[in-house]
Amino acid sequence: MKNILNNIRKNLKLVIGALIVGLLFGWLFFHSGGTSSSHSAEQELTGHEGHDHESEDPSTWTCSMHPQIKQNKPGDCPICGMDLIPLASMDAGGDDVDPNEIMMSESAAKLAAIQTMIVSAGFPEKSIHLQGKIHADERRIAELTARFGGRIEELSVNFTGQNVKKGQKMATIYSPELVTAQRELLEAIAFKESRPSLYTAAKGKLKLWDLNDAQIQAIEQKGEPQLYFDVLSPISGTVTMRHVAIGDYVKEGNALFKVVDLTKVWALFDAYESDLPWIKLKDEVEFNIQSLPGRTFKSNVSFIDPFIDATTRVAKVRVELNNSKLEVKPEMFINGIVHSKIAASGTQILIPKTALLWTGKRAVVYVKVPERENPSFLYREIVLGPEAGNFYVVAKGLHEGEEIAVNGVFKIDAAAQLQGLPSMMNPDGGVVATGHNHDDGSIKSTKNGEHASFKVGGNCEMCKDRIEKAALSISGVTSANWDAETKELHVNFNKDVSVDNIHKAIAKSGHDTELEKAPDEVYKELPECCLYREE
């Protein structure tokens, strides 16, 4: 034992050194293994936490037709019943996205029946329907007046409507003044050589009284005055007015007869101000006459009245018509059509009426944004030219090659309103309050006052009329519009109006609102079609 202890004492330093070296190697070995294990665990944890489950399943789901609907899981839209889609799929993509774009999914566009067309230029054409009457040609009217005073001794025309030929005798007049003038002519004949001026003056006096050269020559040859003179028709036509009878005394200037040549007549059409840009001289007019059914007449515009009638607000458009058989009579009603191109020359930008939203002040279209994965549209105001049948001429605001919506335009505009983007009734944009947006407050300020929307129970058009009247009964409410499908009422009002009072007024009329319930006794008095509560 003593030997062992002595050996330990001798080798104590060596033993202690070996122990220290062993402990050092042990610490290095176990520390390295622990670090590796810890590092591996840390890597595993980091890898698990770095895996983004939300990137696979989007956290927000929305309706492509009602963007105000947002849920954290898929489902159906509570308004229209469409499947909700991931909010990310609504992005148009790219760096050139306009913040005012209205983006829709393909399914939403199909559901809204949205159709588009490429804008092109063409020649505007329009069929203008005109109405009018047949009138006599004013250039073919003769008014016979007494050139000298006398008595009607004989009438060859006894009734109105009688046809006469040019030069035909219409009446015979005895005139003492004319007898005196003839005697002056006969006396002047004796001085024809010595005083030719006297003879010329006497002969000229008779010519001024409508005697022709043959009648004057007959007086000279006979050598005595003619007592009776015939009144001759200056044109061939129809007697439309007879002012005298046998035995009447007439004075110089009195009307005797009126003769109208009806072998050519005028068709005078009434053209309104909006029609005038489409009508020009020589345009062909196709028309029919009610009293001559089955027959169609064609002629060209010969004159357009330069004035608008202050009372009727129309201008007369004249068409000339041959009437050799006298079938067409003045005052007959006529209906005509002018197939015309606009009076201005050249092609114009044309869009169908269905593509247009018009407030009376603004004309609005929605232009499709090219190169988008989903249908996207932009609001644009345009300036309209004349109406061209089912089209409008665009004076300013669109260019050839652009694509616009021509069907479902109102639905696009409604989506823009819900998203607070520029729209027909709100060109400056801004969030519109809806019944699904209570977290922001149901009242929103607009340029014209306040706006609010909320649900109101009802079924039909009678309900719509009753609800809107109740809302408008509150002083300061400027407009009210209730939708029978969504059951939503939109009201605009002045800032001093309480929305609670609007709710109460509607409830008193028999319709439940989000805040007020209608009294049962009032509700039961509603017509059966208006009973909206489910028993």
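1. The structure is a predicted model. Everything that follows should be read as computed from that prediction.

2. Overall content. The protein has 535 residues, and 37% of them are buried. Its secondary structure consists of eleven helices and 30 strands.

3. Surface and contact range. About 31500 Å² of the protein is accessible surface, with carbon and sulfur atoms contributing 52% of that area. Taking contacts between residues at least 6 apart in sequence, 65% of them link residues at least 24 apart.

4. Helices α5 and α6. Helix α5 covers residues 176-189 and helix α6 covers residues 196-208; their axes lie 8 Å apart at an angle of about 155°. The two helices are therefore roughly antiparallel, since an angle over 145 degrees falls in that class. The crossing of α5 past α6 is left-handed. On the α5 side the contacts come from L178, A181, Q182, E184, L185, A188 and I189, and on the α6 side from L198, Y199, A202, K203, K205 and L206.

5. Helices α9 and α10. Helix α9 (residues 461-472) packs on helix α10 (residues 499-508) with an axis separation of 8 Å and an angle of about 140°. That angle makes α9 oblique to α10. Here α9 passes α10 in a right-handed crossing. The contact is made by I467, A470 and A471 from α9, together with I502, A505 and I506 from α10.

6. The four-stranded sheet. An open sheet is built from four strands in the order β8-β15-β13-β10, with antiparallel pairing. Strands β8 (141-145) and β10 (163-164) are at the edges with a single partner strand each, so one side of each has no neighbour in the sheet. As a reminder, strands of a sheet pair through backbone hydrogen bonds, in either a parallel or an antiparallel sense.

7. What does β10 pair with? Its partner is strand β13 (residues 237-242), in the antiparallel sense and over two bridges.

8. Strand β19 and its partners. Strand β19 (residues 314-322) pairs with strand β16 (residues 264-272) in the antiparallel sense over nine bridges. For this pairing, L268 has R318 in β19 as its bridge partner. Strand β18 (residues 297-304) also pairs with β19 in the antiparallel sense, over three bridges. There, V301 is bridged to V319 of β19.

9. Residue K169. Is K169 buried, partly exposed or exposed? Its relative accessible area is 28%, so K169 counts as partly exposed, the class between the 20% limit for buried and the 50% limit for exposed. K169 belongs to strand β11 (residues 169-174). Leaving out residues up to four places away in sequence, K169 touches E154, S156, D230, V231 and L232. The C-alpha atom of K169 is separated by 8.6 Å from that of L155, a residue 14 residues apart from K169 along the chain.

Terms used. Residues are numbered from 1 along each chain as its sequence is written. This is a predicted model: local features need pLDDT of at least 70, side-chain atom pairs count only at pLDDT 80 or more; totals for chains, interfaces and linings use all residues. Side-chain values use heavy atoms; hydrogens and water are left out. Two strands pair if DSSP finds at least two bridges between them. Buried means under 20% relative accessible area, exposed over 50%, partly exposed in between (1.4 Å probe, protein chains only). Contact means heavy atoms within 4.5 Å. Accessible areas come from the Shrake-Rupley method with a 1.4 Å probe; for residues, only the protein chains shown count as cover. Axes are lines fitted to C-alpha atoms, for helices over the stretch in contact, and angles run from 0 to 180 degrees between N-to-C directions. Angles under 35 degrees count as roughly parallel, over 145 as roughly antiparallel, 65 to 115 as roughly perpendicular and the rest as oblique. A crossing is left-handed if the near helix is turned anticlockwise from the far one by less than a right angle, and right-handed if clockwise.
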